[in-house]
Amino acid sequence: MEMKNLTDCFELSNGVKVPCIGYGTWQTPDAEAKECVKTALGLGYRHVDTAWAYENEAGVGEGIRASGVKREDVFLTTKHWITERGFEKTVRTIEDSLKNLGTDYIDLYLVHWPAVAKRDAAWEETNAETWRGFEKAYKEGKLRAIGVSNFEEKHIESLKKYATVMPMVNQIEFHPGYTQMENVKYSQSEGMLVEAWSPLGSGAVLKDETLCSIAAKYGKSTAQLCIRFALQFGVLPLPKSVNPSRIAQNAEVFDFEITAEDMAKLASMPCLGFSGYLPENAPADALVYGE
Ligand code: A2P
């Protein structure tokens, strides 16, 4: 489906609808989150992405309430953190996130990072137990949809052996210069919606000459080009900005179309703006595992 505005939606495998651009809040301090989220909702965004580990769930929740937009008209995502793996802890941390956000349900809840063989010999069981906690809360109606983040094929294939509810989303790093195309295709073929974190490469791709010259052709900014690029791939972008004019700019991506030729160019750029984060070496894991 072609997206024409911020309220057009992707549909998950369980029928839940997800507004096509999410407002990202990674690295947004809690103290600023309220104002930022309120601004984004005021500009027409209807989808907000946070995480327990961003330490801004409270501000995000306040921003939603302060916006005057009804809770049911906002699609709210948060994520489970790596310190909370296992069934019991997962059940507890979901309650914690609900309390932080000041809501009684989460629209989409994601496993932030998979447990991996390099650090946990029982990684398959660990992920399965975490997922069991997700399924419980999903069946109780506390989570409208459940999914994963930063999972590769092997992690998803493993989860499939245990899951009674399949993940509906895989949120991964995706931007020109680092598209993880194999994972995108695999995840989509498994019926998951792929979401793009750092669709602007955390800002690192925005000055690239190739990207700037392609964007100029359309009379758009490089950020807008990157966001449109994700959408045309059927990948849901989650651009982050704390600046009202850039928040507005990032939503003005429905008045141009990238040609097939340019899409191919953007998809095959040399590596650029890669965060360096992979399941095996996520810096946060290093903190937890003391490496
Ligand atoms: P700021 O929050 O000051 O606007 P990503 O979404 O890939 O993580 O990228 C976020 C980074 O890109 C942030 O540093 C953000 O800065 C910056 N950014 C977001 N939107 C724009 C834009 N339209 N133009 C330039 N920089 C942007």
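This short talk covers the pocket, the ligand and the cavities of one predicted model.

Some ground rules. The model is predicted, so local features need pLDDT of at least 70, side-chain atom pairs count only at pLDDT 80 or more, and totals for chains, interfaces and linings use all residues. Residues are numbered from 1 along each chain as its sequence is written, and side-chain values use heavy atoms, with hydrogens and water left out.

Let's start with empty space. Rolling a probe the size of a water molecule over the atoms shows where it is left. Here the work is done on a 1 Å grid over the protein atoms alone. A cavity is a set of points where a 1.4 Å probe fits but cannot get out. A pocket is an open set with protein on both sides within 12 Å along at least five of seven lines. Lining residues have an atom within 4 Å of a point. Volume is the space filled by probe spheres set on the points, which are joined across faces, edges and corners.

Now the largest pocket. Its volume is about 750 Å³. It is lined by 34 residues, and the closest to its centre are Trp26, Gln27, Ser198, Ser202 and Lys240. By class, 17 are nonpolar, 13 polar and four charged. Nonpolar means Ala, Val, Leu, Ile, Met, Phe, Trp, Tyr, Cys and Pro; charged means Asp, Glu, Lys and Arg; the others, Gly among them, are polar.

What takes up the largest pocket? The ligand does. To sit there, more than half of its atoms must lie within 2 Å of the grid points. Around the ligand are 16 residues, the closest being Leu200, Ser202, Ser241, Arg246 and Asn250. Near means a heavy atom within 4 Å. This shell has six nonpolar, eight polar and two charged residues.

Next, ligand oxygen atoms and their N or O partners. A backbone N or O atom of Leu200 is 2.8 Å from one. For a backbone N or O atom of Val242, the distance is 2.9 Å. A side-chain N or O atom of Ser198 lies at 3.5 Å. Alone, the ligand exposes 570 Å², and the protein buries 80% of that. Those areas use the Shrake-Rupley method with a 1.4 Å probe.

Last, the cavities. How many are there of 30 Å³ or more? Two.

Methods. A polar contact is a pair of N or O atoms within 3.5 Å; within protein, one must be able to donate a hydrogen and the other to accept it, and residues adjacent in sequence count only if both atoms are side-chain atoms.
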